[in-house]
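Biologist: I would like to learn how to read salt bridges and interfaces in a model. Please take me through them.

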Amino acid sequence: MNLNISLSEFVEFMAALSLFFAILQTASHRLDFAIKTYTAQSIALSITMFLSVFYYFDYELILSAVLTLLIKGILIPFVMKKITDKIVEDENVKPFINFTYSVLICIFIVIFSFYITSNTFYRSTDNGTMQKVLAIGLSIIFVGIFLMLARKKALIQIIGFLTLENGIILGATSTVKGLPLIVEIGVFFDVFVGAIMAGILIFHIKDTLESIDTSKLSDLKE
Amino acid sequence: MFFYKKVSKDLWKFLEVGFSLLYIGIFLGCIALFIKGDNYIIHLNTTIKYITYSFYVDRLSLFFIGIVAFNGAINSIYTLDYIEEENYDKKILMTMLKNIFILSMILVLLTANVFTFLLFWEVMSILSFFLVLWDFKKEENYKASLIYIVMTHIGTAFILLSFVGFYINTNSLSFDHWQNLSLNTFWITWIFLFSVLGFGMKAGIIGLHNWLPKAHPVAPSFVSALMSGLMIKMPVYMFIRYWFYFIKQYPASFGLLILTIGTITMLFGILNASVQNRLKAMLAYSSMENIGIIYVGIGLAMVFKSLNIEYLYALALGASLFHILNHSLFKSLLFMSAGSLMARAHTQEIAKLGGAIKYAPKLGTITLVGMLSLVALPPFNGFISEWLLYQSLLLSLKVKGYYLWIVSPLSASFLALTGGIAMLSAVKYFGLTFLGNPRKDIKHKEDIKTMSLISMGILALSCLLVGVLPVFVLDVINNLIPVPIHVNGIFEIKTPENFGSIAPFFIGILMVFMLLISIYLNKYISKHSIYYKTWACGQEDVPLSAQYSPEGFSQPIKKITSKLYKDGLDIFDGIYGFIAKSLLHKLQTLKYKIQPGIIHVYILYMAITLIILIWVSKIYG
Amino acid sequence: MGNIFIGILQIVIFIALAPAIKGFIHKIKLNLRGQKGPSILQPYKDLIKLFRKEPVISKDVSFISKIAPIVVLLATIISASFIPIFSPNTLLSFTGDVIAFMYVLGLSTFFIALYGLDQGSSFGGLGSAREMTIASLAEPTLMMIMFTFSLEYGTSNISEIFVKAHSHSFNVPIAYVFSLLALFFVSMAENAKIPFDNPETHLELTMVHEAMILEASGKYLAIFELSSYMKLLLFISIASNIFLPFLYSSNMLLNILFYIIKVIIFSIPIALVELSVAKFRFFRIPDLLMISFALATLGFVLYYA
């Protein structure tokens with residue numbers, strides 16, 4: 001038996017690893033575990049982008065990969081960690097949909113996104129890698145949306161939003177060989193600033209309303 | 001005078017024996033006709049023009065009639081003991097109702113036109129309603145049978161609508177003019193929708209299953225055995241007729257839909273079965289699960305037929321037909337054993353039972369055989385049909401270019417999950433009822449009598465035989481499907497493309513060997529054993545109710561799948577109850593508006609009707 | 001005839017090796033904790049000691065308690081005779097289907113759960129309820145893994161899978177990492193390892209497998225212990241023979257050596273995971289099992305889609 005692993009298989013594997021970490025986020029019981037998993041997911045994503053440079057021969061992607069690693073792999077988790085340390089007393093994630101069902105729904109999401117992308121590409125050109133990575137990107141997007149829907153605490157919802165961003169970048173890398181670099185840098189800075197502002201907002205919400213449980217926002221309704 | 005009284009007291013026994021001989025005769029006749037292999041059709045005209053009785057015999061109906069006759073005969077033998085143990089009054093009425101019920105099922109399988117079908121279907125439904133309602137003084141029975149009869153009739157209405165679809169396209173009411181039709185999309189969708197709703201309501205698929213877990217626990221046990229083992233297969237027979245004999249070409253998405261419905265039914269059924277605390281309620285939900293498994297097979301076969309892949313269509317349909325046979329065998333066995341236990345303990349609640357294997361070891365062993373078949377463990381029969389179904393699910397992934405690869409592996413994983421939860425329910429049922437110590441004291445602690453032993457023993461033995469030598473049943477089924485499932489000698493079953501093979505005979509031999517070794521070794525070990533109390537952390541006199549309870553046993557699974565149950569009710573009961581209540585409320589307010597007590601309004605209605613009649617007669621006059 | 005001899009030899013080596021692997025895992029765990037630990041051959045000595053003792057049987061039992069231990073042992077041996085250890089000629093290779101394998105293992109789980117309930121104590125019921133829940137939630141993962149490698153090799157017969165995996169023209173897809181991780185999780189769940197179960201303590205808070213066999217003593221306990229050692233080796237063998245198809249030669253003695261090396265390689269992660277996490281609270285176990293199902297699905301989808 002042979003151990004030849006072709007480059008495309010490795011790219012798919014890294015993308016799937018990123019998806020796995022996203023699914024692991026939905027099953028995390030504590031906030032800091034979710035942040036660590038998000039870090040791992042971003043690192044896997046940046047490795048995917050780095051490898052796909054050799055696949056697509058587009059050297060701009062190296063810069064995107066490094067940027068993803070720096071901002072999403074190091075800076076944003078650092079900021080999130082600081083926020084968590086300051087304001088959160090109860091570390092537990094409160095779910096709307098319990099964890100077992102969440103993972104099951106994520107499995108259905110994965111299969112659904114593979115179904116959606118199944119006839120979109122003419123397969124024999126590149127052994128189906130592009131289709132698979134696009135499907136994985138789409139699943140990460142939906143998992144991010146699901147995370148925002150199914151959890152009560154605002155921090156987890158921010159992490160869901162960041163996962164959504166990750167999925168969009170992965171989808172973009174697979175199909176159009178990455179967004180133009182200017183656009184990507186812009187998006188990155190927006191996301192970074194957004195995360196910091198969300199953190200500040202959460203701090204203020206916690207100060208005024210004494211809780212960051214977004215389901216309590218419905219108390220404001222008359 | 002004395003002779004007359006003695007005879008009329010035991011007349012029901014003579015009737016039962018007579019009917020069981022009739023069923024054995026029918027069974028042997030089926031075998032003879034099956035071997036011969038011709039199709040017969042009989043028309044009996046009556047004086048009214050559109051009413052003809054037509055009967056049609058071909059191999060598929062002979063297969064089902066054979067199952068019904070075999071189970072009917074064994075049920076009659078069992079009833080000889082059961083009616084005496086439960087001491088029902090009006091025994092002759094019960095006997096006659098039950099036997100006409102079985103005969104009506106056989107006649108449903110023979111029908112060949114719409115009128116005959118509806119007649120015997122209605123007879124079957126009404127007789128089963130009377131039998132379920134036997135103990136009408138209890139309110140629970142009354143409510144359950146009411147829901148049952150209403151849902152059956154709604155189902156019959158849907159079936160009628162699907163017959164309308166056929167009639168419009170072929171202008172005939174006779175089934176033999178309906179063979180191999182090609183219809184346009186609108187009519188095919190119409191027939192599909194109404195056949196799924198109509199036959200599904202009788203079979204008990206998800207959303208339409210509400211009557212099943214209510215009617216089965218309250219009926220007398222031999223009636224539940226007949227209903228679960230045989231009656232819910234009648235709509236499956238008609239469904240197979242529709243989609244494999246009547247209609248030739250249909251989109252593959254229909255099959256996928258049936259596959260999905262089957263998977264969801266299966267999961268829902270077994271999850272609910274694991275949290276039931278009454279014996280027959282758990283068995284009723286387990287019937288729902290098995291119907292789901294049968295529908296998974298039928299859905300797969302429909303997909304393959306529409307894609308014209310004959311060998312896989314044969315494998316999936318063969319798996320379903322085998323499972324129909326197996327389910328009727330072990331489910332009848334389990335309901336009968338539950339009935340015997342209930343006749344002794346006078347309660348269904350597992351929380352009041354326990355330790356039955358000590359005073360009824362034969363009943364315990366037979367129930368253990370039934371439970372092992374239910375959970376599809378080798379070497380019993382459930383394993384063979386589930387193996388065939390898994391193989392068809394695996395092979396379906398070789399069909400490229402269609403969306404089956406999305407649904408099949410999930411379906412197979414959920415089939416494995418239901419197998420696991422079925423094991424949980426079986427351990428709970430058998431372990432808490434038969435093992436341990438009795439939780440409340442039971443008066444009639446005696447083992448089962450001869451007739452029960454013979455009937456249940458024959459079923460248990462046939463479960464084992466079909467499991468170890470399935471090739472005989474497969475030879476029968478191979479005549480019903482286009483491409484035979486490959487059987488190597490009498491030992492081995494092979495699936496197409498040599499994908500998988502099992503030889504259940506050898507596994508069975510090894511297991512019998514293992515049982516014998518265990519019995520022998522035990523005699524040796526037990527000679528040198530000490531007997532002592534069970535360890536209870538050093539406490540003395542632990543009360544017997546401190547053993548594990550049924551709610552406690554299913555508490556982990558209940559907590560994990562928490563949203564599906566609400567205070568012991570199914571979620572569908574909640575949904576339908578809510579819809580029914582709000583609809584009823586609106587209709588009641590409407591009623592008060594149309595029918596106020598004011599007499600002037602009623603006179604106004606009469607006047608308006610008269611005016612309209614005169615006007616209409618002027619226009620058409 | 002030679003094939004039957006090889007088949008019997010495989011089973012004999014399997015049964016002989018099983019307690020040693022358990023002893024090996026235990027020794028690694030204790031060494032990494034800083035203790036010296038008993039020797040690797042200690043489980044053999046335990047089994048011999050238990051076989052010599054007479055069992056104490058509870059007064060509440062029925063015949064189930066007397067046949068269940070041996071049924072469990074022999075069901076495990078029958079499933080072991082499906083798995084090729086160093087040669088594809090196993091005793092039941094002509095009927096060795098992956099699904100039959102799973103269901104025969106299910107037979108052993110069923111009877112051990114019945115044994116737990118037969119004792120008439122609340123410990124047994126507790127253990128049976130928990131064990132059946134864990135086993136049923138682990139089933140879909142196992143089925144998905146079986147699906148993945150059945151499709152990969154085009155057959156569901158285990159011996160033929162073994163032959164094809166070890167042939168020289170076969171490329172290991174990297175999606176196997178996911179299936180291997182899923183199999184790892186399921187093995188930990190089915191074999192009563194931390195984080196699913198802690199068989200070293202006998203507290204009702206932590207035990208699942210031990211609760212069912214709490215009343216067993218003497219020869220019956222020896223039979224139960226041997227079956228659990230064999231079940232662990234069974235899962236490790238599947239992982240090593242199907243997922244790590246390296247190190248294969250046509251010389252039989254060399255194959256036995258390679259098999260032992262592969263089993264040792266796979267035991268080390270088990271020991272490491274057991275050391276690094278604590279036993280999870282029972283209601284976190286379904287989440288873990290669902291994650292393993294997600295891993296198995298990912299492995300399948302990556303390979304197949």
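Biologist: How far apart are N and O in the salt bridge of K214(B) and D573(B)?

Modeller: A salt bridge is a side-chain nitrogen of Lys or Arg within 4 Å of a carboxyl oxygen of Asp or Glu. In this predicted model, the side chains of K214(B) and D573(B) meet at 3.0 Å, N to O. K214(B) sits in helix α7 (residues 212-218) of chain B and D573(B) in helix α22 (residues 571-594), 359 residues apart. Helices here are DSSP runs (H or I, at least four residues) and strands likewise (E, at least two), numbered from the N terminus.

Biologist: Is D573(B) buried or exposed?

Modeller: Buried means under 20% relative accessible area, exposed over 50%, partly exposed in between (1.4 Å probe, protein chains only). D573(B) has 18%, so D573(B) is buried. K214(B) has 24%, so K214(B) is partly exposed.

Biologist: Which residue forms a salt bridge with K29(C)?

Modeller: E200(C), with the closest N and O atoms 3.2 Å apart. K29(C) lies in helix α1 (residues 2-33) of chain C, E200(C) in the loop between α7 (176-190) and α8 (209-212), 171 residues away. K29(C) counts as buried because its relative accessibility is 5%. E200(C), at 45%, is partly exposed. Over all chains the count is 14 salt bridges.

Biologist: What are the ground rules?

Modeller: Residues are numbered from 1 along each chain as its sequence is written, and chains are lettered from A and ligands numbered from 1 in the order in which they are written. Local features need pLDDT of at least 70, side-chain atom pairs count only at pLDDT 80 or more, totals for chains, interfaces and linings use all residues, and side-chain values use heavy atoms, with hydrogens and water left out.

Biologist: How is the size of an interface given?

Modeller: Often as the accessible area lost when the parts come together. Here, buried area is that loss (1.4 Å probe), summed over both parts. Chain C and chain B bury about 6,600 Å², with 76% from carbon and sulfur atoms. Y103(C), F110(C) and F147(C) lose the most area in chain C, together 11% of what that side buries.

Biologist: How many residues are in contact?

Modeller: With contact meaning heavy atoms within 4.5 Å, 71 residues of chain C touch 75 of chain B.

Biologist: Which element supplies the largest share of chain C's side?

Modeller: α5(C), with 17 residues.

Conventions: Buried area is the accessible area (1.4 Å probe) that two parts lose on being put together, summed over both.
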